[in-house]
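Hi there,

Here is the structure I promised to pass on to you.

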Amino acid sequence: MKKALFLSCALALSVAFSAVSSPSSSAFLSEQAFTKAYVKEAKKHFKDAKFKVTGELTIEVTHSENMTQSTDLTNAYLRYSNEKASLKDIFSDHIASAKSINSLTDESKLQLSQLRPVIKPAAYIDNITAQINQSGDSDIPFPFYYEQLNDELVLLLAIDTPTSIQYVGQEKLAEFNLPVKQLKDIAKSNLESYLAKIGAKLQKIDQKDETSNIYMFIADEIYEASAVFSNYFEQQIKATFNGPVGLVFPNRSSVLVVPLDDEAGLYQIAMLAYSEYPNLSYNVSPFAYEYKDGVLKRIEF
């Protein structure tokens, strides 16, 4: 009898423990609750900082020297929802990352707050390298950090100051002394906060044909194309369309979107992007892409 009672109690405790520690249980935190819980924990480590929740998974942190940093918890939440780590470990890792930033010089902190992800055509790498080596005999590699996203596109990191946009090279990476992944997350978080601040949005284009479903993403005429790879843009798409979409971004300031099943609209924006691409400044891609859940796939006509 005692043995059966002991086993029953042990089983009950095991179930209770699982309910607390497993994200798949009824105790699973929503995005808002996750962000609130992180802020509560982070305040213990940054007592002089002020925290402002700017989105379901985004925060702005202002330190005592009035330096504001954007924090994006999307990857942390994905890690939590996939049950890859405990909430305690996830918060601990994220706070340790924030502390590493806090130990930088004021100048580096300012530059980190100005960091942005910039999308360029892959040909940009070859063109710049050729220009650098045009007048000399030495073979100088491309001077800035970049990441190949696919056959047509690359990602660069840029420091966007009030007077210029400066791409990040190896020297600046060494100066930051932070993992590249962390720098990319910071750049992405900064862009997310900026897009929300300026009210970037999808707006339907008025045409004579009232059945037109073409939308334009409107931001600041600089970061529209780069925004396509942001969570902010994905949220705008999901709030506007009921399914996957087709889109084009022939240059940095032009992003056109239609429902994927609107064949006429898709063909229209695809032909527009392909024909205008060579004539546009700051061009990005002449191709059309299927966009679903934040993932791009080139459309072949």
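Below is what turned up when I went through the chain, from the overall picture down to single residues.

**Overall picture**

Please keep in mind that this is a predicted model. The protein chain contains eleven helices and 13 strands. Of its 301 residues, 41% are buried. If you take the contacts between residues at least 6 apart in sequence, 59% of them join residues at least 24 apart.

**The largest core and F233**

The largest nonpolar core has 28 residues, and F233, L247, F249 and V257 are the ones with the most contacts inside it. At least three residues come to this core from each of domain 2 (113-197) and domain 3 (199-298). There is also a second, separate core of 19 residues, which includes Y38, L57, A76 and I90.

Setting aside neighbours within four places in sequence, F233 is in contact with F217, A227, V228, L247, V255, V257 and Y291. F233 counts as buried because its relative accessibility is 0%.

How many aromatic pairs does a search of the whole structure find? The total is 18. F217 and F233 make one of these pairs, an edge-to-face one, with 5.1 Å from centre to centre and 85 degrees between the planes. This pair links distant parts of the chain, since F217 sits in strand β9 (residues 215-218) and F233 in helix α10 (residues 231-240), 16 residues apart. F217 is at 0% relative accessibility too, so F217 counts as buried.

Is E234 buried or exposed? With a relative accessible area of 16%, E234 is buried, because the cut-off for that is under 20%. Not counting residues up to four places away in sequence, E234 touches Y291, D293 and G294. E234 and G294 are 60 residues apart along the chain, yet their C-alpha atoms are separated by 5.7 Å.

D293, one of those partners of E234, deserves a look of its own. D293 is in the loop between β12 (288-292) and β13 (295-298), and its phi is near 55 degrees, a positive value in a residue other than glycine. At 52% relative accessibility, D293 counts as exposed.

E221 is another non-glycine residue with a positive phi, near 70 degrees. E221 belongs to the loop between β9 and α9 (224-227), and its relative accessible area of 60% makes it exposed.

**The aromatic cluster around F34**

Which residues do ring pairs link into a cluster? They are F28, F34, Y38, Y77, Y80 and F91. F34 lies in helix α2 (residues 31-45) and is buried, with a relative accessible area of 0%. Leaving out residues up to four places away in sequence, F34 touches L29, L57, L73, A76, Y77, Y80, L87, I90 and F91. Between F34 and F91 there are 57 residues of separation in sequence and 9.9 Å in space, C-alpha to C-alpha.

**Charges over rings**

K120 lies over the face of Y124, 4.7 Å from the ring centre. R298 lies over the face of F287, at 3.4 Å from the ring centre.

**Helix α8**

Helix α8 (residues 180-198) has 19 residues, and it reaches 27 Å from its first C-alpha to its last, close to the 27 Å expected at 1.5 Å a residue. Its buried residues are Q182, L183, I186, A187, S189, N190, L191, E192, S193 and L195. When you look at that list, recall that an α-helix has 3.6 residues a turn, so residues three or four places apart point the same way. Just after α8 comes G199, with a positive phi of about 70 degrees.

Q69 is in strand β3 (residues 68-72). Q69 counts as buried because its relative accessibility is 11%. Apart from neighbours within four places in sequence, Q69 is in contact with I59, E60, V61, H63, I101 and K109.

If you have time for one stop in the viewer, I would go to F233, where the largest core and the pair with F217 come together.

Methods
Residues numbered from 1 in each chain as written. Predicted model: local features only at pLDDT ≥ 70, side-chain atom pairs only at ≥ 80, totals over all residues. Heavy atoms only, no water. Phe/Tyr/Trp six-rings, centres within 6.5 Å; stacked < 30°, edge-to-face > 60°. Helix = DSSP H or I, 4+ residues; strand = E, 2+ residues; numbered from the N terminus. Buried < 20%, exposed > 50% of the residue type's maximum accessible area, 1.4 Å probe, protein only. Lys NZ or Arg CZ within 6 Å of the ring centre and 35° of its normal. Expected span 1.5 Å × (residues − 1). Core = buried A, V, L, I, M, F, W, Y, C linked by side-chain atoms within 4.5 Å. Domains from an automatic or database assignment. Contact = heavy atoms within 4.5 Å.
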